[in-house]
Amino acid sequence: MKPADRRRLAAWLAVITVAAVCIALRGRAPWLLDLPPAFVVPVADWFNAFMVWFIGAFKWLFRAANWLLGWPLAGAQALLQWLPWPATMAAFCALAFAASGWKLALFAAAALFYMALTGHWSPSMNTLGSVLVSIPLALAAGFALGVAAHRSKRVDRVVQPLLDLMQTVPTFAYLIPILLLFGFGPVVGVVASAIYACPPMVRNTLLGLRRVPREALESGLICGATGPQLFWWVQAPSALPALMVGVNQTTMAALSMVIIAAIIGGSADIGWEVLSTMRKAQFGQSLLAGIVIALIAMLLDRISWGFADRAGRGAAAAGRSRNHGRGGRGGRGHGRHGRLKPWLLTLIALAIFAGATAFIPAARVYPEAWVFYPADAINAALRFVTANYSAATDAVKHAALFYYLLPLKIGLSQAVTPFSWGVALTPGLVWGYAAAVGVIAWRLFAWRGWRPAVAAVVGGGVLYFGVTGLPWPPFILASTLLAWQVGGRRVALLSAGGWAFMLLTGVWAQAMLSVYLCAAAVLVCALGGGALGVWASANRRVSNFLRPINDTLQSMPLFVILIPFLMFFQIGEFTSFLAIIAYAIVPTIRYTEHGLRHVPAASVEAAIAMGCTRRQLLWEVKMPLALPEIMLGVNQTVLFALAMLVITALVGSRGLGQSVYIALSNADPGLGLVAGLGIALIAIIADRIIQAWSARRKSTLGIA
Amino acid sequence: MRSCGGGGAAPLGPMNAPVKIACRHVWKVYGDDPSRFFRDGDGGGGGNNRDDGGGDNRGRNAGDVPDNRALWEEFEAAGHIGAACNVSFEVFTGEIFVIMGLSGSGKSTVVRCLSRLIEPTAGQVLVDGEDLLRLGARELIEFRRHKMGMVFQNFGLLPHLSVLDNIAFPLKVQNIGRPQREARAREVIELVGLQGREDSFPRQLSGGQQQRVGIARSLAVEPDMWFLDEPFSALDPLIRRQMQDEFLRLQKRLHKTIVFITHDFLEALRLADRIAIMKDGEIAQVGAAAELVLNPADEYVAEFTREVPRARIITAGDIATVATVDAAATLDGVGDSGDGDSTVTDARIDAAATLEQLMARLADHPGGVTVQRGGETVGRVTAVQLIKALAARD
């Protein structure tokens with residue numbers, strides 16, 4: 001062992017010793033588990049005091065903004081409400097056709113017809129109206145910020161951490177101060193959604209502008225282009241593919257937030273429809289409304305992605321279609337008008353169609369009599385299922401709770417009881433467990449060195465005492481030591497500071513509950529998603545099957561994912577757990593497949609030439625090379641899981657998400673800030689550690 | 001003596017043409033505050049006790065920063081990185097001046113300093129006697145719009161514009177109306193032989209075609225100065241050869257003042273009127289191809305010339321001038337006063353003839369051949385001199 005390794009191992013052994021001592025003492029010194037209230041720094045109160053002052057001083061400004069934004073919002077919603085439904089449908093079909101063709105146009109027609117058919121037309125149009133107003137706001141702000149950050153390093157330095165916070169602070173936490181500042185009403189949703197949807201546009205704008213080839217820039221400069229010419233004629237068009245990806249992501253984020261904003265009520269939109277029925281346990285109703293949200297999400301995603309994809313495939317495709325059917329000179333002018341005309345024609349046709357149908361009552365408003373609303377049938381079916389198969393669902397639920405979730409949460413030491421496991425935890429069993437952990441650690445040490453051995457000991461300890469049973473000093477020490485060894489001093493400082501913040505602001509216990517649930521879900525996602533990713537990388541058919549499912553899950557507003565699990569497993573931690581997995585597993589699948597597929601071909605060929613079996617090829621060659629990429633997927637999974645974690649507070653998960661939710665109900669911005677920052681800090685600490693590890697590993701392997 | 005090799009540029013060009021571009025003591029240093037190394041008189045430079053009597057405090061226009069390695073080491077010690085080190089050369093009107101060097105030698109930096117795509121840290125770039133580095137932003141834009149064209153290694157085309165629009169782009173930038181700029185663009189398209197591809201987009205073209213677009217675009221404004229940064233390096237060898245021929249054909253028609261960057265010595269030999277060889281940011285030697293081959297300034301230059309087919313590069317004139325110094329007078333005397341007959345008049349060769357051609361002539365006239373340039377006798381060449389010139393040096 002090298003001296004540096006020996007030092008690292010010694011540090012870990014020290015942490016394990018501290019942990020042992022703290023655990024031994026925790027009965028006598030409860031402050032090791034959580035600080036007593038006397039030590040809590042009242043950050044929440046300070047922030048509340050600040051908010052009181054701030055609202056008093058600037059309320060008029062935000063109320064004016066509210067009034068100002070109310071106009072376009074009311075306009076958009078009134079227009080969509082006024083438009084005859086066949087006209088709206090035709091407009092969406094035209095847009096979908098322009099984005100990607102007949103298939104999507106058909107899908108658009110079907111989706112909009114579903115809204116009318118099930119009687120959700122009016123709330124759907126209100127939601128679309130909000131989205132239509134918030135998207136341009138988010139795009140404009142995101143583009144401007146991105147350009148500013150590209151131009152000035154100083155702006156960039158301010159913007160980057162801000163983006164991290166905007167994307168990791170849970171959306172509920174945003175809502176509180178916005179609610180207080182802007183007052184009640186639908187504008188709050190639009191503002192929150194514009195803020196939340198802005199970061200992807202900023203990032204993609206930055207990315208696109210940075211990736212403009214240096215020579216393209218220089219070719220502009222050498223022609224003598226002025227600043228604005230260079231920007232609008234060279235940089236912006238070259239960055240267009242990335243900008244369009246930003247538009248896609250921003251659109252989806254805006255929709256997601258508009259839906260979530262329903263939680264504050266006050267707008268008769270589709271999000272409210274889902275939430276209110278869900279609260280009343282009317283699952284049939286909320287499922288029918290949830291499908292509307294899912295359809296809107298898919299539609300907006302496919303349309304904006306269609307345009308992004310076109311921009312990405314570049315002018316090549318457009319050029320080919322333009323080249324058809326004409327030759328020689330003057331063709332250019334032709335092509336130009338030829339492209340504009342269909343647009344104008346479509347618009348005119350749509351306007352005429354709208355005007356004409358406006359006089360047909362059945363088109364103006366979808367008739368009541370045509371509505372098909374099978375909510376009661378669904379409820380009846382659900383009752384039948386729960387009545388007859390509850391034994392099966394309960395068995396699944398209890399198995400997961402007793403053998404997985406509870407041990408992680410409170411530790412084997414408390415989870416193993418005659419009631420749950422059928423055995424009591426005798427000293428003999430405890431010693432047996434300790435011995436097993438020791439043997440595993442020893443074998444790992446001999447096989448792969450000290451790192452997995454230490455991981456086994458730490459894991460064995462956590463499993464025995466439970467995440468919530470861990471005293472804070474060893475937890476913070478271990479996290480910070482890991483951060484330091486992987487990412488250096490800055491990451492270590494972040495880790496220490498972040499955990500200290502949660503400890504001192506009095507949300508430690510909630511934070512540990514969140515860490516536990518997040519870890520439980522991420523573990524399943526990493527193993528299950530990893531396995532699916534491996535399978536998809538080896539099998540085209542599996543890959544083709546998974547892709548649309550992944551796309552759909554990822555573009556889905558978080559609420560909707562809760563519904564099916566809620567229907568079968570009722571309110572509780574298990575439902576939260578499943579919902580988190582369903583949403584957060586996607587990135588691991590994707591990154592694993594991508595990473596395995598893009599292992600350098602030369603390495604794979606060399607391995608095959610040496611006579612590797614498929615198994616050897618996977619485990620000895622592909623896995624090690626793809627692991628940094630896979631870990632980036634796991635990183636995304638952690639972030640997704642934390643985002644979903646907050647939403648699951650709606651169905652009774654506990655932890656920081658619950659605190660944020662309570663803060664929102666009580667309009668308590670201080671608690672919202674503290675708990676929201678807690679979530680964000682957990683996310684950022686995990687993110688920095690994993691990213692640092694991945695980057696280091698990649699550079700060791702000499703790949704990108 | 002690599003560092004002062006730049007001084008080798010002759011005051012008058014091979015074609016007796018005036019100097020178009022003069023690059024004087026140009027430095028490019030990257031780092032936090034590179035200009036402090038070129039501010040004399042203030043202590044910030046950390047012991048600027050160089051022996052210049054200039055007392056220069058004009059900042060980056062320090063035309064007389066002495067060329068020493070010490071300065072280089074001084075700023076490298078301070079965490080700065082040098083890309084161009086005291087580069088000086090002159091380019092004559094209508095000549096093809098090739099800057100040759102391996103990757104990282106600073107050749108791209110130098111050509112970008114000439115167009116101020118990179119701001120030099122110190123030095124002067126004189127174009128027709130006017131210092132480019134003193135131009136304001138507006139003047140620079142005007143200058144670039146009318147005087148410069150540049151071709152890039154990876155073409156630098158705009159992916160969202162068609163061939164026609166790409167080529168017309170420099171004119172669009174000048175706010176020239178669509179009909180005029182498209183008419184001009186079509187002219188240049190014809191010049192580079194891309195008729196029929198006007199409406200294609202860059203991605204639909206092969207590398208060679210893309211570079212033709214790049215060349216056409218750079219010529220659209222009819223610039224005086226034409227910068228080509230490794231224009232053919234990204235192309236296949238066969239295409240590269242073909243493009244070189246076309247480049248020479250174009251230059252025969254257009255007579256631009258050209259700075260051509262390449263890492264390929266053979267390409268340099270094929271195209272250049274004169275070649276500057278760069279190494280580690282410095283100019284190792286400047287001279288015509290034969291000069292580099294016959295009298296390499298150092299081991300580094302010699303290394304490049306080793307594989308060169310000398311018989312095709314060196315001309316009769318090159319070795320004849322060498323011969324004149326000791327033998328021309330006496331030989332002339334003997335030839336004129338002695339026999340004065342047909343043997344001498346027959347055994348003539350033009351100074352521009354390569355040694356390959358000279359060999360055939362010498363085979364017929366073992367006694368020696370008279371070398372002439374424009375009807376005037378320059379000297380005489382014997383088989384011994386020929387063999388000496390061809391013999392590889394260790």
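Biologist: What is the accessible surface of chain B, and how much of it belongs to carbon and sulfur atoms?

Modeller: Accessible areas come from the Shrake-Rupley method with a 1.4 Å probe, and for residues only the protein chains shown count as cover. For chain B the accessible surface comes to about 17,100 Å², with 50% belonging to carbon and sulfur atoms. This is a predicted model, in which local features need pLDDT of at least 70 and side-chain atom pairs count only at pLDDT 80 or more, while totals for chains, interfaces and linings use all residues. Residues are numbered from 1 along each chain as its sequence is written, chains are lettered from A and ligands numbered from 1 in the order in which they are written, and side-chain values use heavy atoms, leaving out hydrogens and water.

Biologist: How many helices and strands does chain B have?

Modeller: Helices (H or I, at least four residues) and strands (E, at least two) are DSSP runs, numbered from the N terminus. Chain B has 15 helices and 13 strands.

Biologist: How do helix 5 and helix 6 of chain B pack?

Modeller: Axes are lines fitted to C-alpha atoms, for helices over the stretch in contact, and angles run from 0 to 180 degrees between N-to-C directions. Helix 5 (residues 178-192) and helix 6 (residues 207-219) of chain B pack at about 130°, their axes 9 Å apart. That makes helix 5 of chain B oblique to helix 6 of chain B; angles under 35 degrees count as roughly parallel, over 145 as roughly antiparallel, 65 to 115 as roughly perpendicular and the rest as oblique.

Biologist: Which residues meet between helix 5 and helix 6 of chain B?

Modeller: Contact means heavy atoms within 4.5 Å. From helix 5 of chain B, Arg184(B), Val188(B), Leu191(B) and Val192(B) meet Arg212(B), Ile215(B), Ala216(B) and Leu219(B) of helix 6 of chain B. An α-helix has 3.6 residues a turn, so residues three or four places apart point the same way.

Biologist: Is helix 12 of chain A largely enclosed or open?

Modeller: Buried means under 20% relative accessible area, exposed over 50%, partly exposed in between (1.4 Å probe, protein chains only). Seven of the 10 residues of helix 12 (residues 270-279) of chain A are buried, so this helix is largely enclosed by the rest of the structure. Among the buried residues are Ile270(A), Val274(A) and Met278(A). The buried residues of helix 12 pack against helices of chain A including helix 5 (121-151) and helix 13 (283-313).

Biologist: Where does Arg313(A) lie?

Modeller: Arg313(A) is in helix 13 of chain A, and at 47% relative accessibility it counts as partly exposed.
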